[in-house]
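Here is a briefing on the structure shown below. Please read it with the sequence and the model side by side.

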Amino acid sequence: MSDLSQLPRLRALLAALARSNRFYAPRLHGAGLGADCASLEEFSARMPFTTKGDLVADQLAHPPYGTNHTSPLAAYTRFCQTSGTTSTPLSILDTPESWDWMLENWRIILEAGGIRPGDRVYFAFSFGPFLGFWTAFEAAVKYGCLCLPGGGLTSGARLKMMIRHQARVFFGTPTYALRLAEAAAEEGIDLRESAVEKIIVAGEPGGSVPSVRERISAAWHGAEVLDHYGLTEVGPTAYQRTGEAGVLRIIESSYLAEIVDPQTGAPADEGEMILTTLGRTDSPLLRYRTGDLVKRDRTLDGFALRGGVLGRVDDMIVVRGVNIYPSAVDAIVRAIAEIREYRVHVRRAGALWDLSVEVEAPTPAAQQLERALTAAFSLRIPVVCAPAGSLPRPEMKARRWVVEGSNQ
C-alpha cells in the first residue's frame with residue numbers, strides 16, 4: 001500500500017461515518033474503529049467485509065435507498081443502479097462532492113491513457129442507469145474533450161457518426177468494439193476512414209486478455225486498446241497506462257485495495273478484489289467484496305494487477321474435476337480469427353456440469369476451437385456451428401454463458 005495519503009484519508013472517512021452513517025456507524029463501533037485507527041493493517045484486520053448481499057438487505061429493510069448515506073437525503077443529486085444480473089439491483093445515490101471525486105478519478109484514467117484535451121471522444125452505448133456511462137462522459141467534458149453521445153443509434157449509424165466527426169477515442173465494451181468492426185464489414189464501411197487511435201473498454205474481461213485485445217486492435221487498424229476497471233458500487237477504480245498492455249493500476253489515492261482468498265478471507269496475491277472507497281464519503285464502501293478475481297504483480301511499482309480482471313468468483317464451473325472460467329474460454333475463442341461470435345451452453349445433471357459451444361464460424365474453425373479447448377482443459381467440449389448472425393450482439397455486457405436447467 002504505497003500511497004502515504006491513504007491512512008489520513010481513511011481516518012477522516014471513518015470519523016465521518018461514525019458520526020452520521022447509519023449503516024456503518026454500528027459496524028465501526030463493533031469493530032472498535034474510528035478516527036484513531038492506528039494503521040491500514042489494523043483496519044483490514046478488524047473491519048468486517050461488506051457484501052452486496054448486505055447492501056441489498058439494507059435497501060429491502062429501508063426502501064428504497066437504504067441507510068448507507070453520510071449526508072441527509074436532500075443533499076444527494078445523482079442516482080445510479082447496478083445491473084441486477086446476479087441479485088436485486090442496488091440503487092446508489094451520490095452528492096455533488098462524491099460525484100466530483102469520481103470525475104477526478106476519471107481524469108487520472110484519461111491522462112494515463114494518453115487522451116488529450118481537445119480530443120473527440122465517442123461513447124458507443126445507450127445511456128442507462130449505470131454509473132460508468134455518466135462519470136466517463138462528464139469527466140471527459142470537464143477534461144476538455146469534445147464528447148459525442150451514441151445513444152439510441154444502430155451500429156451502422158454510430159460508425160458513420162464516429163467517422164464523420166473523426167473521433168480519436170471511443171468507449172465501449174470489448175464485445176461491442178468487435179461488433180462495430182463486424183457491422184462495418186456488413187455495411188461496407190471502411191474503418192480506415194476513421195480517426196480512432198484509442199479504444200477504452202470496460203464492463204467485462206477482455207481489454208487485458210492478449211487475444212481479445214489484439215483482435216480488437218487489428219479490426220480497428222492498429223488502435224490502442226486501453227482496459228479500465230470500475231464498479232457502480234465503488235466508482236472508477238483502475239487504469240491502464242498507454243503502452244503498458246495487460247496491466248491495470250489501482251488509483252491508490254482514492255482506493256484502499258486488498259486481495260484475499262475467496263474461501264478463507266486471508267490476504268493473497270491472487271484472489272478476490274476488496275475495495276474501500278477513500279473519497280466517496282457520502283456513499284462509502286468499506287472492505288467491499290467485489291467478486292472479481294485478480295492477480296497482483298509485485299514486480300511493478302504501486303498496486304498493479306497483471307491481466308486485469310481474470311473472472312468472477314461465482315463464474316467458475318467445475319467440469320469433471322477441471323476448473324473453467326469464462327475468461328479462459330474467451331481468450332481461446334478470440335485467438336481464432338474466423339469465429340465471429342459464440343455462446344456456451346451449460347447443463348447440469350445432478351452434481352455434474354457439462355459444456356458445449358456454439359460458434360458462428362466455418363466448420364474448420366469450429367474444429368480448431370474444439371481441439372484448442374481439449375488441449376487447454378484436457379476435456380472434450382463439443383463445438384457446433386450456428387447460422388451466421390444468429391447469436392446475440394449486445395452493446396452492454398455480453399452474456400455468453402447460458403445455464404439450461406438441472407436435474408437434481
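Strand β3 (residues 120-123) is joined to β4 by 4 bridges, and the two run parallel. In that pairing, V121 stands opposite C147 in β4. This is a predicted model.

**The mixed sheet**

- β3 and β4 belong to an open sheet of 8 strands, in the order β4-β3-β5-β6-β7-β8-β9-β13. Its pairing is mixed.
- The edges are held by β4 (146-149) and β13 (304-306). Each has a single partner strand, so one side of each is left without a neighbour in the sheet.
- On average, neighbouring strands of this sheet are turned by 30° against each other, direction ignored.
- Helix α6 (residues 131-143) lies across β3, β4, β5, β7 and β8. The helix runs at about 150° to β4.
- Strands of a sheet pair through backbone hydrogen bonds, either parallel or antiparallel.

**Strand β7 and its partners**

- How many of the 8 residues of strand β7 are buried? The count is 7, so β7 (residues 224-231) is largely enclosed by the rest of the structure.
- One partner is strand β6 (residues 198-201), which pairs with β7 in the parallel sense over 4 bridges. Here I199 stands opposite V225 in β7.
- From β6 the chain crosses through helix α9 (residues 210-219) to β7. This β-α-β crossover is right-handed.
- Another partner is strand β8 (residues 235-239), joined to β7 by 4 bridges. These two strands run antiparallel.
- H228 stands opposite Y239 in β8.
- β7 and β8 form a hairpin, with 3 residues between them.

**The antiparallel sheet**

- An open sheet of 4 strands has the order β10-β11-β12-β14, and its pairing is antiparallel.
- β10 (255-260) and β14 (311-312) stand at its edges. Each has a single partner strand, so one side of each lacks a neighbour in the sheet.
- Strand β11 (residues 270-277) pairs with strand β12 (residues 288-295) in the antiparallel sense, over 5 bridges.
- Within this pair, L275 stands opposite Y288 in β12.

**Nonpolar cores**

- The largest nonpolar core has 66 residues. F43, F123, F171 and L286 touch the most other members.
- Which helix gives the most to this core? Helix α5 (residues 96-112) does, with 8 residues.
- F123 is in contact with A136, F137, A140, C147, L148, P149, G150 and F171, leaving aside its neighbours within four places in sequence.
- Another core, of 26 residues, lies apart from the largest one. Its members include L159, I189, I199 and A223.
- In soluble globular proteins, nonpolar side chains tend to be buried together.

**T82 in its loop**

- T82 is found in the loop between β1 (78-81) and β2 (91-94).
- Is T82 buried or exposed? At 5% relative accessibility, T82 counts as buried, because the cut-off for buried is under 20%.
- A polar atom of the T82 side chain lies 2.8 Å from the backbone nitrogen of L90.
- Not counting residues up to four places away in sequence, T82 touches K52, T88, P89, L90, I92, F130, T232 and E233.

**Backbone points to check**

- The peptide bond from P63 to P64 is cis, with omega near -5°. P64 has its place in the loop between α4 (52-61) and β1.
- Q166 is not a glycine, yet its phi is positive, at about 50°. Q166 lies in the loop between α7 (155-164) and β5 (169-172).
- With a relative accessible area of 35%, Q166 is partly exposed.
- R287 also has a positive phi, near 50°, and is a residue other than glycine. The place of R287 is in the loop between β11 and β12.
- R287 counts as buried, at 6% relative accessibility.

Notes:
Residues are numbered from 1 along each chain as its sequence is written. This is a predicted model: local features need pLDDT of at least 70, side-chain atom pairs count only at pLDDT 80 or more; totals for chains, interfaces and linings use all residues. Side-chain values use heavy atoms; hydrogens and water are left out. Buried means under 20% relative accessible area, exposed over 50%, partly exposed in between (1.4 Å probe, protein chains only). Two strands pair if DSSP finds at least two bridges between them. A crossover is right-handed if, with the strands pointing away from the viewer, the path from the first strand over the helix to the second runs clockwise. A polar contact is a pair of N or O atoms within 3.5 Å; within protein, one must be able to donate a hydrogen and the other to accept it, and residues adjacent in sequence count only if both atoms are side-chain atoms. Contact means heavy atoms within 4.5 Å. A nonpolar core is a set of buried Ala, Val, Leu, Ile, Met, Phe, Trp, Tyr and Cys residues joined through side-chain atoms within 4.5 Å. Axes are lines fitted to C-alpha atoms, for helices over the stretch in contact, and angles run from 0 to 180 degrees between N-to-C directions.
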